[in-house]
Amino acid sequence: MTQLATEERVGPRRGLLHRLDVKGSPYLYIAPFFLLFLGFGVFPLVFTAWVSLHDWSLLSEEHTWIGFGNYTKLFDDPAFWNALWNTVSIWVLSTVPQLLLALVLAHILNQRLRGQTFWRMSALIPNITSVAAVAIIFSQLFGRDYGLINWVLGLFGIDKVDWTANTWSSHIAVSTMIIWRWTGYNALIYLAAMQAVPKELYDSASLDGATSFQQLRKITVPAIRPTIIFTVIISTIGGMQVLAEPLLFGGNGLTGGSDRQFQTLALYLYEVAFGRFDFGYASASSWVMFLIIVIVAAINFGITSRLRRS
Amino acid sequence: MATTLAPPPRHVSPPPTARRRIRRAFRRRPGKFTYLVLTAIGFFSFFPLYWSVVVASQDNSALGKMPPPVLLGGNLWFNLKRAFTMVPFEKALINSFLVAGAITLSVVLFSTLAGFAFAKLRFRGRNILLLSIIATMMVPTTLGIIPLYMLMAKIQWTGTIYAVIVPAMVNGFGVFFMTQYLSEAVPTELLEAGRVDGCSTIRLFWHVVLPAARPAAAVLGMLTFLTAWNDFFWPLVVLTPEDPTVQVVLSTLSAGRITDYSLALTGALIAILPLLVVFVVLGKQIIGGIMQGAVKG
């Protein structure tokens, strides 16, 4: 509307050049984004699909068309199912406590605190720490013989745990890294949503004698439902792609432990692509991974919205 | 906290102002317990960072003792020197600064340009294009890694920082963020007036939009820098241990069955430190940016 109005007022005097500027320049401004995005975002995505239909190794020049061969092979591949199972297990172990903790933390931060900025910053500091650094620090903390965590457990009479050796213990260790890094970030997102909830609701609840926890459950959670769904979906997308933690936790091993006990889908993809250079097979698994993300996110969306509605 | 008693009413029937005061007294006022919980959370937040300093300042024989040392040792300088001689850390730091800096400049510039077009200019296909950008934010980055690597191999960029910079030069979040901001921050009347005076679009962008965009551009820049500095998977795939970024060096340091932890955590410390400095100085703005993005997103 703006442009139409001005165009009429300017009239034919400034003519063609001006018209060209008004009509054409918007495309000029969005062009850098779309050109780069087409080249390095969309093209690779589509090309992955093409590669996945071939027997495509980096080590050979010949790429044979095998249709859905890679996909059928994948469904018979125990290592793939193992990686999928590990990914889901780590995702549940990390996401559920993380979001619950974040909710409580946000509830605590949503008060008239002294030193507000300081508390918020200390919540976010784990998130600005790089994922590689987090994985290295926690790998040391989870060390079997000289790790601090085993020492603390020892004070309570618990025997040394060989964290990397077992499925459950390694999943807990990897999940701990994820929880540490992301809880504060999610808490700030919840806090932002909570600040939009009318304060009067809390006032009248207080007058009725509702405890702080009741207020969180009955007022806050229903009010910020869209934000909760948003964080669940975001952590699903992130959780399905976990790679750095298991990779570095296993001393840079591509298999995620001697028996693949903590190899995630992304790590398996990395192993197939850059350990075995089987690009066709790796491409197939990345497409399957994408489908799984879409399905899990959709299921999540369904469950979360139903749960909150009831 | 909720059990605090109401202040005794001063009037039999309080006038509106007093009633408001009473209401405010009911509003959750944090007590000692709250600060205790917060301090505990703060402890867990800071501890791993503190721990990296502790381990980085010990030698490995001290780390092989039980109970583990919990105070600083005197080996920090020695470990730092070791880190810089055993892996190309200088090169990695320079690379990381170049990569994160270039990505930040480019994301901010291109996002502001596109954000201006989407927020304030009218053109055919605007809505569908904006929608497609938002949709791209949902696509996992891991998905494109293999063909992206093949592409880089084809144009012989593997092993160079171009391979890390160029694919990250734009992202959907940036455009979305700037579009949201500019649609509120730039008054349409001002642009209209400029048009009447015969301003070309590029001059409007330069003289009206850019100055107005500065606060959001700063926030976007900081968030982008953080992400770019911390990016792990793609640099690991496409760069070599001889010409790495800081995060790639960390993976070199932690490789092997028996990790030299005083060295590895010294590396982690070096990798964290620049961001920590940025965060201490600009933390408030970064937090504001994350919360702002959340409400709109």
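Let me start with helix H6 of chain A, residues 131-141: 11 of its 11 residues are buried, so the helix is largely enclosed by the rest of the structure. Buried here means 20 or more other C-beta atoms within 10 Å of the residue's own, with C-beta atoms placed from the backbone. Helices are DSSP runs of H or I, at least four residues, numbered from the N terminus. Among the buried residues of H6(A) are Val131(A), Phe138(A) and Gln140(A).

A note on the source: this is a predicted model, where local features need pLDDT of at least 70 and side-chain atom pairs count only at pLDDT 80 or more, while totals for chains, interfaces and linings use all residues. Residues are numbered from 1 along each chain as its sequence is written, and chains are lettered from A in the order in which they are written.

Next, the interface. In total, 86 residues of chain B are in contact with 87 residues of chain A, contact meaning C-beta atoms, placed from the backbone, within 7 Å. Helix H14 of chain B, residues 261-296, supplies the largest share of chain B's side, 15 residues.

Last, a helix pair. Helix H5 of chain B, residues 89-120, packs against helix H11 of chain B, residues 201-230, at about 140 degrees, with the axes 8 Å apart. Axes are lines fitted to C-alpha atoms over the stretch in contact, and angles run from 0 to 180 degrees between N-to-C directions. H5(B) and H11(B) are therefore oblique to each other; that term covers what is left after under 35 degrees (roughly parallel), over 145 (roughly antiparallel) and 65 to 115 (roughly perpendicular). The contact includes Ile103(B) of H5(B) and Leu220(B) of H11(B).

How values were computed: A residue is buried if 20 or more other C-beta atoms lie within 10 Å of its own, exposed if 12 or fewer, and partly exposed in between; C-beta atoms are placed from the backbone. Helices (H or I, at least four residues) and strands (E, at least two) are DSSP runs, numbered from the N terminus. Two residues are in contact if their C-beta atoms, placed from the backbone, lie within 7 Å.
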